Amino acid sequence: MNKAAETAKIPCAVCRDLMPLVQDGVASPESEALVQAHMAVCPACRALWQGTDDPAMPEPPAPDDGKILQKLRRRYSTHLLLLAFAGIAAGIALGYTGRSNWVILFLPCVWAVLTCRDTGMGKPLLLFTLGLAVLDAIIKQTAFLESFSLSNFLWNLASGCILYAVLGGMGWLIGWLLHYAKESTHENKE
């Protein structure tokens, strides 16, 4: 393969990016040679250079804003759920220190912060918190393995789910009110 054919193998998009630089005379000699070699073998870019659009050259598809926003929202929600896991797990872990039940403080605070940031986090947080209540009940039963009974496990599970849901609901309400106040203040300033 000769050198001219090899240099002409740049993509049309690269050639289109370099064309204005070559036309203004600010491109490097190497870039100018690449553009000239590409236009020698590509009629669509040659037509674009001459100012006549070639209908055979398709326009690149526009990015789908919905998909981009959905991907960003998923990433944002994942980060918020990881923050929730860290806060709630820290509350549960500190609850086993014997000093006090830190989950009573951590759970509403974490819910309030996350709900204030994004009011749509209620359902994922509820499911996540109920999952932690199940994990907490399992931990309580495995810590006291000699006294395991199904009734104790079910009691710990039910009481944990109710307690965590109530505490999370209080945090959700606080976060929603803070979000509402923040939005109201922002609208009044405009």
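Me: In what order do the elements of the chain run from the N terminus on?

Reply: Helices and strands are DSSP runs, helices being H or I with at least four residues and strands E with at least two, and they are numbered from the N terminus. Here the elements of the chain run α-α-α-α-α-α-α-α from the N terminus on, so that the secondary structure comes to eight helices and zero strands. This is a predicted model, in which local features need pLDDT of at least 70 and side-chain atom pairs count only at pLDDT 80 or more, while totals for chains, interfaces and linings use all residues. Residues are numbered from 1 along each chain as its sequence is written, and side-chain values use heavy atoms, with hydrogens and water left out.

Me: What percentage of the contacts with a separation of 6 or more is made by residues 24 or more positions apart?

Reply: Contact means heavy atoms within 4.5 Å. Of the contacts in the chain with a separation of 6 or more, residues 24 or more positions apart account for 60%.

Me: How do the axes of H2 and H3 cross?

Reply: Two packed helices are described by the angle between their axes and the distance between the axes. Axes are lines fitted to C-alpha atoms, for helices over the stretch in contact, and angles run from 0 to 180 degrees between N-to-C directions. The axes of helix H2, residues 12–24, and helix H3, residues 29–41, come within 9 Å and cross at roughly 125 degrees, which makes H2 oblique to H3. The word rests on a scale in which angles under 35 degrees count as roughly parallel, over 145 as roughly antiparallel, 65 to 115 as roughly perpendicular and the rest as oblique. A crossing is left-handed if the near helix is turned anticlockwise from the far one by less than a right angle, and right-handed if clockwise; the crossing of H2 and H3 is left-handed.

Me: Which residues make the contact of H2 with H3?

Reply: On the H2 side they are Cys12, Cys15, Leu18, Met19 and Val22, and on the H3 side Ser31, Glu32, Val35, Gln36, His38 and Met39. Ala, Val, Leu, Ile, Met, Phe, Trp, Tyr, Cys and Pro count as nonpolar, Asp, Glu, Lys and Arg as charged, and the others, Gly among them, as polar. The residues of this contact divide into seven nonpolar, three polar and one charged.

Me: How do H2 and H4 cross?

Reply: The axes of H2 and helix H4, residues 43–50, come within 11 Å and cross at roughly 25 degrees, which makes H2 roughly parallel to H4. H2 passes H4 in a right-handed crossing, where Cys12, Cys15, Arg16, Met19, Val22 and Gln23 of H2 meet Cys45, Leu48 and Trp49 of H4. The residues of this contact divide into seven nonpolar, one polar and one charged. Arg16, placed in helix H2, counts as partly exposed because its relative accessibility is 24%, and its C-alpha atom is separated by 7.2 Å from that of Cys45, 29 residues apart along the chain.

Me: At what angle do H3 and H4 pack?

Reply: H3 and H4 pack at an angle of about 115 degrees, with their axes 6 Å apart, and their crossing is left-handed.

Me: Is His179 buried or exposed, and which residues does His179 touch?

Reply: His179, found in helix H8, residues 150–189, counts as buried because its relative accessibility is 17%. Not counting residues up to four places away in sequence, His179 touches Thr115, Cys116 and Thr119. Thr115 lies in helix H6 and, at 0% relative accessibility, counts as buried. Thr119 lies in the loop between helix H6, 103–117, and helix H7, 122–143, and counts as partly exposed at 33% relative accessibility. The C-alpha atoms of Thr119 and His179 are separated by 7.6 Å, although these residues are 60 apart along the chain.

How values were computed: Buried < 20%, exposed > 50% of the residue type's maximum accessible area, 1.4 Å probe, protein only.
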